[in-house]
Amino acid sequence: MNEGQTWEEGLHIIKTLRRRGIDAYVVGGAVRDGLMSREPSDIDIAAAATVKELSVIFPHAVKPSEKHGTLLVKSGKNIVEVTPFRAGAKTIEEDLQQRDFTCNAIAADEQGMVIDPFNGRRDIRQQVLRTPGPAEQTFSLDPLRVVRAFRFSSVLGFSLDPGVERAAESAAAGLAHTAVERIRDEITRLLEGQKRLDALENMRELRLFSYFPQAIQTVSAFFYHSTLVQFPAGKEASWAALLYALYGHRSLNMLHGWRFSNQARKQCRWLLERIDVPASPDTWLQWLYYFGPQQVADLEELKQWKYFAYHRRPRSEWKRKWEGLPIHSSQELALPPKTIALMPAYKGTAKIGEAVALLEKAVVNEKVENSEQKLLAYLEEKER
């Protein structure tokens, strides 16, 4: 099992509970990742106690989930999730039986001894997703598990057991009544996986997208493109690609329905508005100046995804280009707005902002040197 700092802090919580006579175990993804020699991103603990009992032991814990009674307990440098056994469960085995997949229905005690009543270790070795009980029952408990199956397929590289795949297809209708934020978060994690295209293709074959927000009865023809090789990396770029593949030119209208944060929606919109815009080298430099190397690199990766022969530069090259720009903001212009306001052509007018934008564009594209004299001359020439 994993012996890292995160794991040790989880065991510290378990020992605290054990001293109070409460059985507690590390469960789920942390145990799975330990068995796969992966560093766990977080630690979840299941305890044979009520929320009230746990709150007494950890009075400073944060309780974000009323439904599951999860407590966020600080241990060392990490936050550990502590949750009562699942509904009606009296033992850890009964708790594990209610979990989504056998690879997650594994626990470990304070000694690191693995409790695996549903052959999760076998399925990890075989890289297959199975459910602890009947798959239909597992998905009926929470239809979001349908999407989680494909998320794990993408991130872990596991295939779906045929029975799980059939049950997922049958249970998918429940997604229409699932909070869009929960679906969005699972899809975001799916898009981070190395096998994301395979997972998305499998979901398309099972027609799961028809139950998503803004239900897709007929997805964009581009989603069926035979040479579609890989979705771009990065949260916003991969989401922009998925939205474009699903909705085509209607993708901009679908942003609101997925309930993105304002920042994520803004970045996705920026990418989608430009995916089909032909851009000259000067235009790329302007985008680089105004939006930075990360955003521009995402756009270029998105264009390469759509226009397969498109040549994409390394991200490091965009960073070097940005660092090499003559200016990085209007404040670096050698001709300040107050000086422009004294020029006869601009005095007492509202055109100063237009003049600043004109100078920014000229300097960034190296049409004029960033010196006060040269910029004055440039503006005067433009006003003739």
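**Entry 1**

I began with Arg204 and Glu201, whose side chains meet in a salt bridge, 2.5 Å from N to O. The model I am reading is a predicted one. Why do Arg204 and Glu201 sit about one helical turn apart? They are three residues apart in helix H10, which spans residues 196-205, so about one helical turn separates them. I jotted down the general rule next to this: an α-helix has 3.6 residues a turn, so residues three or four places apart point the same way.

Arg204 has a relative accessible area of 19% and is buried, while Glu201, with 29%, is partly exposed. The cut-off for buried is under 20%, so Arg204 at 19% falls within it.

I then followed the salt bridges that share partners, and found Asp100, Arg148, Arg151, Glu186 and Arg189 joined into one network.

**Entry 1: other salt bridges**

How many salt bridges does a search of the whole structure find? My search turned up 25.

- Asp95 pairs with Arg99, and their closest N and O atoms are 2.8 Å apart. Asp95 is buried at 0% relative accessibility, and Arg99 is buried too, at 12%.
- Asp123 pairs with Arg130, with 2.4 Å between the closest N and O atoms. Here Asp123 is buried, with a relative accessible area of 0%, whereas Arg130 counts as partly exposed at 24%.

**Entry 2: back to H10, by way of Asn202**

I returned to helix H10 for Asn202, which lies in it. Is Asn202 buried or exposed? It counts as buried, at 17% relative accessibility. Leaving out residues up to four places away in sequence, Asn202 touches Phe150 and Glu165.

**Entry 3: the nonpolar cores**

Phe150 came up again when I checked the largest nonpolar core, which has 105 residues. Phe150 is among those with the most contacts inside this core, along with Leu17, Ile45 and Ile187. I also noted a second, separate core of eleven residues, including Phe85, Ala89, Leu96 and Ile115.

Which residues are buried in H9? I wrote down Val180, Ile183, Arg184, Glu186, Ile187, Thr188 and Leu190. What covers these buried residues includes H7, H10 and helix H11 (235-247).

**Entry 4: the largest pocket**

Last, I turned to open space. Rolling a probe the size of a water molecule over the atoms shows where empty space is left. The largest pocket holds about 1,800 Å³ of space. I counted 44 residues in its lining, and Asp44, Glu81, Arg86, Arg148 and Arg151 lie nearest its centre. Two of these names were already in my notes, as Arg148 and Arg151 belong to the salt-bridge network.

Which elements give two or more residues to the lining? I found helix H2 (29-35), strand E2 (43-47), strand E4 (78-84), helix H7 (144-156) and helix H9 (180-190). H7 gives the most, with seven residues. Sorting the lining by type, I got 20 charged, 13 nonpolar and eleven polar residues.

Terms used. Residues are numbered from 1 along each chain as its sequence is written. This is a predicted model: local features need pLDDT of at least 70, side-chain atom pairs count only at pLDDT 80 or more; totals for chains, interfaces and linings use all residues. Side-chain values use heavy atoms; hydrogens and water are left out. A nonpolar core is a set of buried Ala, Val, Leu, Ile, Met, Phe, Trp, Tyr and Cys residues joined through side-chain atoms within 4.5 Å. Buried means under 20% relative accessible area, exposed over 50%, partly exposed in between (1.4 Å probe, protein chains only). On a 1 Å grid over the protein atoms alone, a cavity is a set of points where a 1.4 Å probe fits but cannot get out, and a pocket is an open set with protein on both sides within 12 Å along at least five of seven lines; lining residues have an atom within 4 Å of a point. Grid points are joined across faces, edges and corners, and a volume is the space filled by probe spheres set on the points. Helices (H or I, at least four residues) and strands (E, at least two) are DSSP runs, numbered from the N terminus. Ala, Val, Leu, Ile, Met, Phe, Trp, Tyr, Cys and Pro count as nonpolar, Asp, Glu, Lys and Arg as charged, and the others, Gly among them, as polar. A salt bridge is a side-chain nitrogen of Lys or Arg within 4 Å of a carboxyl oxygen of Asp or Glu. Contact means heavy atoms within 4.5 Å.
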